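Here's a quick briefing to read with the model open beside you. It takes the helices one topic at a time and then turns to the charged pairs.

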Amino acid sequence: MTQTHATVDSALDPRTDALAGDWLSLREAAERLGIKTSRIKQLISERKLLSVRRDGEPMVPAAFIRDGQVIKGLSGTLTLLSDAGFDEVETLRWLFTADDTLPGTPVQALSENRGTEVRRRAQALAF
């Protein structure tokens, strides 16, 4: 399966859109990180950050950025999920769906520096 490492063009379903909560344009994400928009695009193409199209515009979930940085462990988790065959929308759904074994969502666990637990679960998906 060939995957692009850019913003996905498929429609984001309302359920996944709602799960992710607040969204940022690439410009807003760049401002929060203190970098240029071109660098945000590079982070997305390198799978260090994830964006999807909402109303035709690439957007990043606000939860991916905390205290002026991309949350720790996101990049490795994105790579594991991509290796497991997840597309961008499936990845978002997985990251923002509550998991009783964590507890909370994988994104919450990452933002609380519990990335090892999240990556262990993501790695299991690849097998």
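This is a predicted model: local features need pLDDT of at least 70, side-chain atom pairs count only at pLDDT 80 or more; totals for chains, interfaces and linings use all residues.

A residue counts as buried when its relative accessible area is under 20%, as exposed when that area is over 50%, and as partly exposed in between.

**Helix α5**

- Helix α5 runs over residues 88–95, and six of its eight residues are buried, so the rest of the structure largely encloses it.
- Those buried residues are Glu88, Val89, Thr91, Leu92, Trp94 and Leu95.
- Look at the start of α5 too: there, a side-chain oxygen of Asp87 gets to within 3.1 Å of the backbone nitrogen of Val89.

**Where α2 meets α3**

- The axes of α2 (residues 26–33) and α3 (residues 37–45) come within 8 Å, crossing at roughly 100 degrees.
- Angles of 65 to 115 degrees count as roughly perpendicular, and that is how α2 sits relative to α3.
- On the α2 side, the contact involves Leu26, Arg27, Ala29, Ala30 and Leu33; on the α3 side, Thr37, Ile40, Lys41, Leu43 and Ile44.
- Sorted by type, the residues in this contact of α2 with α3 come out as seven nonpolar, one polar and two charged.

**Salt bridges**

- Side chains of opposite charge can pair when their charged atoms come close.
- Counting a side-chain nitrogen of Lys or Arg within 4 Å of a carboxyl oxygen of Asp or Glu, the model has nine salt bridges.
- One of them pairs Arg93 with Asp13, with the closest N and O atoms 3.0 Å apart. This pair ties together distant parts of the chain, since Arg93 is in α5 while Asp13 is in the segment before α1 (14–20), 80 residues apart.
- Are those two partners buried, exposed or partly exposed? Arg93 is partly exposed, at 26% relative accessible area, and Asp13 is partly exposed as well, at 24%.
- Asp17 and Arg54 also meet through their side chains, at 3.1 Å from N to O. Here again distant parts of the chain are linked: Asp17 belongs to helix α1 and Arg54 to strand β2 (residues 52–54), 37 residues apart.
- Asp17 has 19% relative accessibility, so it counts as buried.

- Glu46 forms a salt bridge with Lys48, and their closest N and O atoms are 3.4 Å apart.
- Glu46 is partly exposed, at 33% relative accessibility.
- Which residues does the network take in? Salt bridges with shared partners join Arg39, Glu46 and Lys48.

Terms used:
Residues are numbered from 1 along each chain as its sequence is written. Side-chain values use heavy atoms; hydrogens and water are left out. Buried means under 20% relative accessible area, exposed over 50%, partly exposed in between (1.4 Å probe, protein chains only). Helices (H or I, at least four residues) and strands (E, at least two) are DSSP runs, numbered from the N terminus. A polar contact is a pair of N or O atoms within 3.5 Å; within protein, one must be able to donate a hydrogen and the other to accept it, and residues adjacent in sequence count only if both atoms are side-chain atoms. Axes are lines fitted to C-alpha atoms, for helices over the stretch in contact, and angles run from 0 to 180 degrees between N-to-C directions. Angles under 35 degrees count as roughly parallel, over 145 as roughly antiparallel, 65 to 115 as roughly perpendicular and the rest as oblique. Contact means heavy atoms within 4.5 Å. Ala, Val, Leu, Ile, Met, Phe, Trp, Tyr, Cys and Pro count as nonpolar, Asp, Glu, Lys and Arg as charged, and the others, Gly among them, as polar.
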